[in-house]
Amino acid sequence: SLPYGDIISLIYCIDEPYQTQLDSFTRIQDLIEPGLPPVMTASYDINYKQFLMSNGKDYWDMVDLVRNTAKPRFFMPDMYPVRPGISYTYGENRFIQDLIDHQVLRVYRESKQYTLSQSDRKFYPVVQSFGKWDGKYWQSWMQPARATLRALMYLPLCYAPDGIFNFYLTGVVNEKTGAGDICPISSVGGKTISTDNLLWEVNKEVNPQLSFYGKLLKQMKWLGAYTVMTGKNATPTNILESGIKDITVRTEDKSDYDGYIECGFYTGTNNAVSMFAVNRRTDRFTGLQADKMRYPDQVSPSMYDERYVQYPPQTLIVEFAKGAMGSFPALYNPLNDNLWLSEKNAVEIQLKAGDGQLLQAVGSLPAKVTNGNYLVKNKGILRGNISVEKKAIVYCDGDLVLLPGTVLTLKKGSRLIVSGKLTVMEGAKINSQGDLELN
């Protein structure tokens, strides 16, 4: 008796179709009336840059073929980069960052542009959360290391997805050899269920964050994404127009390589810019030449945290154009109420290996506001003990929020003018001997 929409939300059809199946998929999709549950299928190109086309410069691209031929309304690229033969050493063939650039993010970017070209299209990337282990070697796919999995799960948020899938959650493992499909949830010998693995731990930690961040990002307009390195970066024009002057990465350690922070950019209320930043410099493989576990494909699931060492954190530096976010720009993460204040219009955020952060550009104030006029542009977020001295005038042209524990003191002769809504969260307070005006 329930309407169809409450029973079936979508129909999954023809997993990773071959070229000869594309007409069948298109016919099935066309038979489904508008408004009924949509048809979707995953698309992958396992032979990336393997088959050269007749023009001598382009390679056969199955994902591109699916987009252009079948024209799926719900597009699901399942680009799994962690396979036997992968290298964690800079400059080597199949270096992990090159694979992420060309096999994953290139497809995300092209797929997002494809879905933006038509209003009824959706972008649902599928993230690798599994590996196939035969007891001695990884076969076909390898379990991602801890920080690498975190980064792979966060990276879709740089490209404005409509949803994210993990493949896959449950697998069967041989009780004696440990061989099988290594997944977050394992059926061991058909007798017990196990979640004692890093895949489960990372999925359990990150997926609720993806849900929280995703709901906020879906309310914003996507501007684009690019990879930020330690040297000079060519920031796209539309991102510069949002008020950001420069973005770079600073690394304190002397590792074999640095950089590779992926940043996706959005605009929201009052065109204020937000970005989702992911530190892609994740894990370093520690196998030695004389070691029995010399190559990543030989490392058993239980040995991962011993054989993979996470790189030290890196610092993302975001410099705003003068006045773009008022007198004291800041970056704010609503998930945990983290607030990073600026110094000379530049904000520094430390990102751990594989970490992902939503960074909303807001206005704020330093601990001591001396005499003069100050602007808090768009949304203002305040944290800590803040004193507005006499003869200081602070004007907030939007909403102003005092985070828990914040104490805002307005000295005699000072003024605070708020044109939007003033929110004093639990545990925050205002001590006012000056003027507080709410417009």
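Reply: A nonpolar patch is built from residues with over 30% relative accessible area and no salt bridge, their nonpolar side chains being joined within 5 Å. In this predicted model, Ile7, Ile8 and Ile11 make such a patch, of about 270 Å². Ile11 belongs to strand S1, residues 11-12, and counts as partly exposed because its relative accessibility is 34%.

Now the aromatic side chains. The structure holds 31 aromatic pairs. In one of them, Tyr44 and Tyr80 have ring centres 6.0 Å apart and planes at 25°, so the two are stacked. This pair links distant parts of the chain, 36 residues apart: Tyr44 is in the loop between strand S2 (39-43) and helix H2 (62-69), while Tyr80 is in the loop between strand S3 (74-77) and helix H3 (96-116). Tyr44 and Tyr80 are both buried.

Tyr80 also pairs with Phe167: the ring centres are 6.2 Å apart and the planes lie at 10°, so this pair is stacked too. Because Phe167 sits in strand S7 (residues 165-167) and Tyr80 in the loop between S3 and H3, the contact ties together parts that are 87 residues apart in sequence.

A charged side chain meets one of its rings: Arg83 lies over the face of Trp141, at 5.2 Å from the ring centre.

Terms used. Residues numbered from 1 in each chain as written. Predicted model: local features only at pLDDT ≥ 70, side-chain atom pairs only at ≥ 80, totals over all residues. Heavy atoms only, no water. Patch = residues over 30% accessible without salt bridge, like charges linked within 9 Å, V, L, I, M, F, W, Y side chains within 5 Å. Areas by Shrake-Rupley, 256 points an atom, 1.4 Å probe, with all protein chains shown as cover. Salt bridge = Lys/Arg side-chain N within 4 Å of Asp/Glu carboxyl O. Helix = DSSP H or I, 4+ residues; strand = E, 2+ residues; numbered from the N terminus. Buried < 20%, exposed > 50% of the residue type's maximum accessible area, 1.4 Å probe, protein only. Phe/Tyr/Trp six-rings, centres within 6.5 Å; stacked < 30°, edge-to-face > 60°. Lys NZ or Arg CZ within 6 Å of the ring centre and 35° of its normal.
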